[in-house]
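Welcome! Please take a look at the protein below, and then we will walk through it together.

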Amino acid sequence: MLFASCFGPAYEFAFILDTDLRRRKIRHKVPITFVTSEPYIGHLGLGGVGDSKGMLESELRAHDMKWITNAKTTKVEAGKMFVTQLDDSGAVFKEHEVPFKMAMMLPAFKGVDAVAAVPAPNQPARICADRDEQRAKQSLQENLLVRPRGYLRR
């Protein structure tokens with residue numbers, strides 16, 4: 001999931017799929033492997049939220065889902081996904097060949113090309129708006145949107 005930054009929908013999809021398969025009484029026939037570029041389960045692109053690591057690992061185990069973290073998909077063939085798992089330094093730790101009949105991958109999310117092209121050293125998220133600009137927008141929104149219809153200023 002290179003460039004993926006919103007991991008919540010991937011977890012949501014996995015648990016929705018699990019629930020649907022259980023309702024159909026076929027979950028025991030369908031292995032689920034959760035492959036993510038997150039350095040650990042529950043990182044969520046945010047460095048974790050509370051005990052999201054422990055909670056999500058526990059839920060994945062309880063729902064009989066395997067996982068591969070710190071991973072990148074290198075190739076996809078019919079029924080086979082090739083995944084490279086990296087160690088903390090970015091070196092190859094293990095190569096995986098994951099069989100599948102159905103797969104869901106998060107699309108790359110890198111932002112608008114015009115913003116992504118702006119050099120932003122030390123800002124991997126490429127946040128370009130400055131604080132004053134954000135405050136001006138917020139003030140304008142508050143003035144335009146907060147007043148109820150028919151509001152008269154005295």
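Two strands pair if DSSP finds at least two bridges between them, and the strands (E, at least two residues) and helices (H or I, at least four) are DSSP runs, numbered from the N terminus. This is a predicted model, in which local features need pLDDT of at least 70 and side-chain atom pairs count only at pLDDT 80 or more, while totals for chains, interfaces and linings use all residues. Residues are numbered from 1 along each chain as its sequence is written, and side-chain values use heavy atoms, with hydrogens and water left out.

**Strands and their partners**
- Strand β1 (residues 32-35) pairs with strand β2 (residues 65-68) in the parallel sense, over four bridges.
- Within this pairing, Thr 33 stands opposite Lys 66 in β2.
- Together with helix α2 (residues 52-62), β1 and β2 make a right-handed β-α-β unit; right-handed means that, with the strands pointing away from the viewer, the path from the first strand over the helix to the second runs clockwise.
- Strands β3 (residues 71-77) and β4 (residues 80-86) run antiparallel and are joined by six bridges.
- Thr 73 stands opposite Val 83 in β4.
- The hairpin of β3 and β4 has two residues between the strands, and Gly 79 takes a positive phi near 75° there.

**Charged side chains**
- Side chains of opposite charge can pair when their charged atoms come close.
- The structure holds seven salt bridges (a side-chain nitrogen of Lys or Arg within 4 Å of a carboxyl oxygen of Asp or Glu).
- One of them joins Lys 53 and Glu 57 (3.0 Å, N to O).
- Both Lys 53 and Glu 57 lie in helix α2, four residues apart, which is about one turn of the helix.
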